[in-house]
Amino acid sequence: MTVQDIRAFNRFYTNVIGALDYSRHLYAPFTLTESRVLYELAHSPRTDAADLRTELSLDAGYLSRILNRFEQDGLVERAPSERDPRRRQVTLTERGRETAALLAERADESVGALLATVPEADRPRLSEALHTVRTILSEDPEDVRRSRPEDVVLREPGPGDLGWIVQRNAALYAAEYGFNADYEGLVARIVADFAEDHDPHLERVWIAELDGRAVGCVMCVRDDAPGTARLRLLLVDPDARGLRIGDQLVAAVVEFARGVGYRDLVLWTNDILGAARRIYQRHGFVLVAEKPHRSFGQDLVGQDWRLDLHGTGE
């Protein structure tokens with residue numbers, strides 16, 4: 001391995017991903033650095049300017065000019081940090097979140113098109129090779145091996161993902177709570193109803209992806225009550241827990257439901273799902289009713305939770 005080997009690879013890869021070709025509008029009207037700053041803000045909603053400088057190894061003056069432009073364009077807001085009033089906290093505005101989402105969508109489409117050219121049998125080898133490069137060149141190889149919340153990507157479902165939701169729910173709830181096949185049937189009906197007839201403007205599914213594999217999901221669908229959305233099928237794989245994936249998924253549903261004009265967000269769960277209930281409480285859901293029932297081969301206590309999307313949640 002020589003310096004020229006690495007430089008040759010860098011030239012090859014920047015061409016492959018189109019990092020130099022702004023005619024593709026991948027980042028336009030932003031530079032690559034500006035796009036990365038937006039990405040960091042979108043994935044770390046409470047970020048200090050100092051944190052951004054450290055994370056991205058940016059010159060303080062250069063970052064300040066970027067944030068000034070963003071503020072002038074209505075993409076960010078700056079205020080004294082809650083942790084340290086001497087520092088400046090930077091948050092995306094609604095326009096900023098929409099811009100970051102658009103750039104993420106373009107990047108996903110670009111990489112998805114690239115990945116589509118790779119045969120399925122070669123993808124594990126490619127994933128391992130990328131991981132190897134990160135591990136060897138990282139200043140802290142152990143940090144690469146440990147997944148982090150920012151490594152998680154929330155995306156729309158692709159081919160096979162809806163089937164994965166059914167399979168993982170059935171397998172996980174059978175293993176952890178002893179649910180029988182009745183639960184798999186319920187999940188299958190919920191997913192089939194969504195696949196066959198849903199309004200993409202008012203209903204969505206999110207897949208949480210980590211290292212190229214699905215590790216979580218959630219749905220937002222219309223409820224029978226006017227102006228009400230229902231959160232369904234929140235799930236996080238056991239080996240991906242501890243990365244705040246459940247919080248990210250619920251936050252995505254809340255933001256989406258509020259953004260498209262729903263007044264209330266409701267959900268039904270069972271009291272044995274303690275981790276999920278704590279997530280709902282953190283996001284402002286309030287328990288409004290509970291009732292014992294026997295379902296899925298178990299004696300359970302069903303619970304109805306509600307979030308006022310335009311109030312305090314009380």
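## Basis

Residues are numbered from 1 along each chain as its sequence is written, and side-chain values use heavy atoms, with hydrogens and water left out. The model is predicted: local features need pLDDT of at least 70, side-chain atom pairs count only at pLDDT 80 or more, and totals for chains, interfaces and linings use all residues.

## Helix 2

Helix 2 spans residues 32–43 and has 12 residues. Helices (H or I, at least four residues) and strands (E, at least two) are DSSP runs, numbered from the N terminus. From its first C-alpha to its last, helix 2 reaches 17 Å, close to the 16 Å expected at 1.5 Å a residue; the expected span is 1.5 Å times one less than the number of residues.

Glu34, Ser35, Val37, Leu38, Glu40 and Leu41 are the buried residues of helix 2. Buried means under 20% relative accessible area, exposed over 50%, and partly exposed in between (1.4 Å probe, protein chains only). Their cover includes strand 1 (47–48), helix 3 (49–56), helix 4 (60–72), strand 2 (76–80), strand 3 (88–92) and helix 5 (94–116).

An open sheet is formed by 3 strands in the order 1-3-2, with antiparallel pairing. Strand 1 and strand 2 are the edge strands, each pairing on one side only. Two strands pair if DSSP finds at least two bridges between them.

Strand 2 and strand 3 run antiparallel and are joined by 5 bridges. Glu77 has Thr91 in strand 3 as its bridge partner.

## Cysteines

The count of disulfides (a pair of cysteine sulfur atoms within 2.5 Å) is 0. Cys217 counts as buried because its relative accessibility is 1%. Cys220 is also buried, at a relative accessible area of 0%.

Notes:
Contact means heavy atoms within 4.5 Å.
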